[in-house]
Amino acid sequence: MKKTTGQDRAITARWRPATQMVRGGTARSNYGETSEAIFLSSGFCYDNAEEAAARFRGEAKGMTYSRLQNPTVEMLEERLALLEGAEACRVSASGMAAMTGMLMSTLSAGDHLIGGRAAFGSCRVLVDNILPRFGIETTTVDARDAQAFAKAMRPNTRAVFLETPANPTLDIVDLRAVADIAHNGGALVMVDNAFASPIVQRPLELGADIVAYSATKLMDGQGRVLAGAVLGPEEWMEKSYLAFTRHTGPILSAFNAWVVLKSLETLELRVTRACENALKVARFLSQRVPGTLYPGLESHPQHALAMSQMRAGGTIIALHLEGGRAEAHGLLDALQLIDISNNVGDSRTLMTHPASTTHASMSVEAREEMGIVEGTLRLSVGLEDADDLIDDLDQALRAIGL
Ligand SMILES: *Cc1c(COP(=O)(O)O)cnc(C)c1O
């Protein structure tokens with residue numbers, strides 16, 4: 001049977017991204033299947049006792065137990081590592097499992113973490129409430145201002161953790177500047193890149209040390225499974241991340257890994273089209289709603305910085321309606337095509353009201369500090385025809401008198 005070359009980095013690292021997305025990481029079984037197989041097996045067998053011992057010593061390659069390795073999961077990890085240009089990747093059961101593993105494996109009691117203020121709701125809970133319970137000091141800063149990181153650095157700062165564009169306000173962080181500040185103080189830069197995907201932004205090339213994803217979003221992108229991923233240097237992965245997650249077990253099932261693996265084959269096509277749609281929709285909205293924010297529009301206050309880090313404006317638009325919650329809920333209820341849903345990065349266009357859903361557990365002051373007001377809406381643009389999306393938004397805006 002002809003061998004696949006998908007697991008041979010010496011070959012796959014030279015492939016162009018489109019080829020990596022289709023063939024990177026593929027390992028064929030002796031049946032010669034075209035599409036990658038799903039290995040739904042918790043354990044693995046050995047030819048003899050010494051083989052088992054050698055694998056446990058880490059001297060022989062091979063599977064031992066699916067909390068530690070699984071062939072389908074490894075194919076996904078290899079494909080993602082290629083896509084990101086990272087030495088190593090590990091996937092996890094959800095984006096939050098990835099974020100938690102990344103932070104808990106690196107930080108210990110007495111360490112300090114700086115987090116970006118505008119962030120996914122659960123990431124803020126992790127930084128504000130969960131890490132401090134374990135003796136980890138945390139500070140959140142306005143991440144639009146790189147100097148805010150410099151001011152917050154302490155001798156025990158081990159890491160900075162940020163999103164760009166940030167959820168849901170689309171704040172942009174100057175990755176090169178923040179990386180210089182963090183590295184001068186001996187801290188690692190950890191970036192939640194879920195809103196951009198590796199198609200739009202590659203933080204490792206801009207100075208980040210570790211990149212984490214909710215693969216639930218653009219990577220699956222069809223609203224089916226939850227998944228997460230962490231990418232970074234081999235040494236950190238082995239000594240920090242795996243030392244923690246091998247024994248705490250936040251792993252991705254082989255089935256869900258397979259769904260995401262297959263989705264990656266179309267990632268570039270989907271993300272490119274969704275970004276084109278988002279730009280068209282943002283152009284339309286900006287004529288009708290003064291508070292339209294989209295990194296790809298010149299009216300975004302950090303447009304130039306966004307375009308120096310991102311290959312496109314992304315797939316998310318934020319709207320600030322002046323009429324508060326009533327007007328925001330009114331717009332959602334008037335939509336006929338676009339769904340009300342708090343997910344993002346889906347092939348369907350989805351809209352949500354963060355103050356009453358994703359960020360409802362935060363205080364009003366904390367929300368306002370990060371830029372979410374009662375009239376804020378988040379629109380995740382999908383793969384429908386942009387003109388149908390514009391027609392729906394047009395009729396919904398008219399229905400509420402805008
Ligand atoms: C969705 C999301 C997460 C959490 O991912 P899950 O897969 O839902 O656990 C983290 N960060 C960002 C920016 C997200 O959009």
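This is a predicted model: local features need pLDDT of at least 70, side-chain atom pairs count only at pLDDT 80 or more; totals for chains, interfaces and linings use all residues.
Local features were considered at pLDDT of at least 70 and side-chain atom pairs at pLDDT 80 or more, whereas totals for chains, interfaces and linings use all residues. Residues are numbered from 1 along each chain as its sequence is written, and side-chain values use heavy atoms, with hydrogens and water left out.

The ligand is surrounded by Ser94, Gly95, Met96, Phe120, Glu163, Asp192, Ala194, Phe195, Ser214, Thr216, Lys217 and Ala227, where a residue counts as near if one of its heavy atoms lies within 4 Å. This shell comprises five nonpolar, four polar and three charged residues; Ala, Val, Leu, Ile, Met, Phe, Trp, Tyr, Cys and Pro count as nonpolar, Asp, Glu, Lys and Arg as charged, and the others, Gly among them, as polar. At least two shell residues come from each of α5 (95-106) and α10 (216-220) (helices, H or I, have at least four residues and strands, E, at least two, as DSSP runs numbered from the N terminus). Oxygen atoms of the ligand lie 2.8 Å from a polar backbone atom of Gly95, 2.8 Å from a polar side-chain atom of Ser214 and 2.6 Å from a polar side-chain atom of Thr216. The protein buries 93% of the 380 Å² that the ligand exposes when taken alone (Shrake-Rupley method, 1.4 Å probe).

On a 1 Å grid over the protein atoms alone, a pocket is an open set with protein on both sides within 12 Å along at least five of seven lines, a cavity is a set of points where a 1.4 Å probe fits but cannot get out, and lining residues have an atom within 4 Å of a point. The second largest pocket holds about 340 Å³ of space, this volume being that filled by probe spheres set on points joined across faces, edges and corners. Of its 22 lining residues, Met96, Phe120, Asn167, Ser214 and Lys217 lie nearest the centre. The largest share of this lining, three residues, is supplied by α5.

The largest pocket has a volume of about 1,100 Å³. Its lining of 30 residues has Lys61, Gly62, Met63, Gln69 and Glu74 closest to the centre, and α4 contributes the most, with six residues.

Five cavities of 30 Å³ or more are present, and the largest cavity has a volume of about 180 Å³. Arg67, Glu77, Arg90, Val91 and Ile251 are the closest to its centre among 17 lining residues.

Conventions
A polar contact is a pair of N or O atoms within 3.5 Å; within protein, one must be able to donate a hydrogen and the other to accept it, and residues adjacent in sequence count only if both atoms are side-chain atoms.
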